[in-house]
Amino acid sequence: EEDMFLKEIEGEYGIITRVNVPYLEESVRWYEEKLGLRNDRRFYVSEVWAQLNFPGIKNTALGLSVGTPTPTESNVVTIVVSNIRRAQERLRELEVNIGEIEEVGKGVKLAYFTDLVGNRLALRENSHEHPKADEIGDG
C-alpha cells in the first residue's frame with residue numbers, strides 16, 4: 001500500500017469539487033458575493049472553468065465548469081461551519097433561499113440551499129464532540 005497513487009497529491013490540492021453552471025462570470029460573482037469564495041485567476045479559463053478558493057482553507061477548492069447543471073438530492077456540496085445558525089442568517093441577509101436547520105444524528109446539523117442555477121449546497125455544523133480538521137485523515 002505504500003505505492004498508493006494518492007500519495008502523489010502531496011503539495012497539490014487535496015479536493016476540488018466541481019459543479020456545472022451555464023454561465024461562468026455570473027456564477028463566479030454569486031459564489032464570491034454570497035459565500036465569500038475567491039476566484040483564483042491562475043486557473044481561470046474564460047467560458048470554460050473557474051476555480052474558487054475557500055479563504056483560510058488550504059488544499060480545497062470549488063470548480064465551476066461551464067455545462068448543464070445536474071442538481072440532484074444525492075450530489076450536495078457541503079460546507080462545514082462552526083455556527084450554522086449564524087451562517088444561515090447571513091445567507092438569508094444575502095437573499096439566499098436556505099432551508100431550516102435539520103438535526104441528522106450524532107449532533108450534526110444541516111441546512112440546504114441552492115446556487116443561482118439550482119446546484120444543491122448545504123451548510124453543516126458538527127457536534128463539539130467530533131474531531132477538529134487537524135485530527136481528520138491519516139486514520
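The model is predicted, so local features are described only at pLDDT of at least 70 and side-chain atom pairs only at pLDDT 80 or more, whereas totals for chains, interfaces and linings use all residues. Residues are numbered from 1 along each chain as its sequence is written, and side-chain values use heavy atoms, with hydrogens and water left out.

Two helices and eight strands make up the secondary structure of the chain; here helices (H or I, at least four residues) and strands (E, at least two) are DSSP runs, numbered from the N terminus. Along the sequence these elements follow the pattern β-α-β-β-β-β-α-β-β-β. Of the 139 residues, 32% are buried, that is, under 20% relative accessible area with a 1.4 Å probe and protein chains only. The chain exposes about 9,600 Å², with 47% supplied by carbon and sulfur atoms; this area comes from the Shrake-Rupley method with a 1.4 Å probe. Among contacts (heavy atoms within 4.5 Å) with a separation of 6 or more, 51% involve residues 24 or more positions apart.

Four strands form an open sheet in the order β5-β8-β7-β6, with mixed pairing; two strands count as paired if DSSP finds at least two bridges between them. Strands β5 (77-80) and β6 (102-105) stand at the edges, each with a single partner strand, so one side of each has no neighbour in the sheet. From one strand to the next, the twist averages 35°. Strands β7 and β8 run antiparallel and are joined by six bridges, and L110 stands opposite R124 in β8.

Both helices pack on this sheet. Helix α1 (residues 24-35) touches β5, β7 and β8, and its direction makes about 140° with that of β7. Helix α2 (residues 84-93) touches β7 and β8, and its direction makes about 145° with that of β8. For these angles, axes are lines fitted to C-alpha atoms, for helices over the stretch in contact, and values run from 0 to 180 degrees between N-to-C directions.

The loop between β7 (108-114) and β8 (120-125) holds N119, which counts as buried because its relative accessibility is 6%. The N119 side chain reaches the backbone oxygen of N20 at 2.9 Å, a polar contact in the sense of a pair of N or O atoms within 3.5 Å, where within protein one must be able to donate a hydrogen and the other to accept it, and residues adjacent in sequence count only if both atoms are side-chain atoms. Leaving aside residues up to four places away in sequence, N119 touches V19, N20, V21, Y31, P69, T70, P71, F113 and T114.

Notes:
Buried means under 20% relative accessible area, exposed over 50%, partly exposed in between (1.4 Å probe, protein chains only).
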